[in-house]
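Here are some short notes for a first look at this model. Please keep the structure open while reading.

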Amino acid sequence: MHPLYVAYKALTSGLFIFLFPLFWAYPHLTGRYLKGRKERLGFIAHRIRRKPHGSLRVWIHAASLGEVKAAASITEQIKDLIPGCETMLSATTEHGHELARQILEEDTAVYAPLDLFFSVRRALSLADPDLMVFMETELWPAWLTEAHRMGIKTALIHGRISSRSIKRYRKLRPFFRSILENMDAFSMISEEDARRIRRMGADGRKIEIHGNAKYDYLTRLVDPSIEAEMRKILNLRPAQPVFVAGSTRSGEEPIILDVYERISKVFPDTVLVIAPRHIVRTSAIESLLRRRGLPYQLGTLLNEDGVKRTAPVVILNTFGELFDLYSVGTVIFCGASLVPRGGQNPIEPAVWGKVVLYGPFMEDFLDAKALLEKQGAGIEVSSTDAFVEKAIWLLKHPDLAGSYGDRGRAEILKNQGAGRGHAEVIARLLK
């Protein structure tokens, strides 16, 4: 066992013992993380322990909603390639876990165990998978090492290593090199992701590139009836402009409001919908709007007891509705990009045939950014003035904007099929 892993085990176990009272009390005090606490400690539910005799089981870990969406198209292909193979899907977040339950026909969705050697060993012993798959950037040292020690094959599938992540990983290269040596395959999204995983110490002979499986999943979700429903919820007049700011982070809302106020001078009936990445920030956004004197309504109150949207600004304070909201956007901004947070996935609005605006910090989605910009369906805005200029241009030229958006959507459709490639890597490991 590598000395660095021994140190990791000792450190994480000691911290857990020291912080255990907080781990147990925090959910009761805040109402968060109440679900799945036993599974987080490795006590997998009895319904999942009954693995059919002689069957194959793949456990896919996809941390949150985005990774689960990518896993959805891969699990479909696994069923086609390996009939009878059972798929487990774990997530860290409650929203990810809920989507995992919806995706799987069998009730084999679980909460991910904490990365403690005793938690993961218990979970792996009870679940008894033939292959342990980690999605995107889910490189958990204890989980990976203990699976290898138990004779379970491991793979990083739909692998993505951002420019921000590689800086952290490279500081601990000897440690992660020892972890990656134990992995059986690396199925990466792009050439750049493959290059970065090699720099971290992965064996180049085990690396393949198969593209972004999220394209497969998202294109199937587009439904014209969704747009009609969202227009009804937002009480929109025909052709009324809608400015959607999706997955915004702290520091972006003041810029968005500056842009909105300037747009409103040219297009006064524009509706602004702000969808913060973290719903707990709703009150902070409310305070900001009150200070500016902008009337607003919360998304949760619309359509309740006949309540209609009358305010020019709406705060979307529910989770899971942003994708549907993009269907009615005239100007769409992807958050976490005006501040150094790596950006959000611009494919989600682009698959609706929309032109997407984003800031200069899109390190986590460079492949999607390049794909859209090549078709004129992605536009970087690095200042408030540039943001206003591009937004007003989109509003003044709806036909041109629509044609660029259609080209972006067509390019996304051409890039479908990545899920099959990633699933074939899994199938080869199992066979």
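Predicted model: local features only at pLDDT ≥ 70, side-chain atom pairs only at ≥ 80, totals over all residues.

1. Which helices each supply at least two residues of the lining of the second largest pocket? They are α12 (224–233), α18 (384–396) and α19 (398–414).

2. The lining counts 19 residues, and V328, G329, T330, K354 and P398 are the closest to the centre. Helix α19 gives the most to the lining, with four residues.

3. Nine of its residues are nonpolar, six are polar and four are charged.

4. Turn to the nonpolar cores. The largest has 69 residues. Within this core, L325 and I426 touch the most other members. Helix α4 (residues 65–81) gives the most to it, with eight residues. A second, separate core has 36 residues, including A112, A127, M132 and M200.

5. Look at L325 on its own. Leaving out residues up to four places away in sequence, L325 touches M230, L234, V244, V273 and L316.

6. Next, strand β2 (residues 86–91). Six of its six residues are buried. In a regular strand, side chains alternate between the two faces of the sheet. In β2, E86, M88 and S90 point one way, while T87, L89 and A91 point the other way. Both sets are buried.

7. Finally, the partner of β2. Strand β1 (residues 57–61) pairs with β2 in the parallel sense, over five bridges. H61 stands opposite S90 in β2.

Note on methods
Residues numbered from 1 in each chain as written. Heavy atoms only, no water. 1 Å grid on protein atoms, 1.4 Å probe; cavity = no way out; pocket = protein on both sides within 12 Å on 5 of 7 lines; lining within 4 Å. Nonpolar A, V, L, I, M, F, W, Y, C, P; charged D, E, K, R; others polar. Core = buried A, V, L, I, M, F, W, Y, C linked by side-chain atoms within 4.5 Å. Buried < 20%, exposed > 50% of the residue type's maximum accessible area, 1.4 Å probe, protein only. Contact = heavy atoms within 4.5 Å. Pairing = 2+ DSSP bridges.
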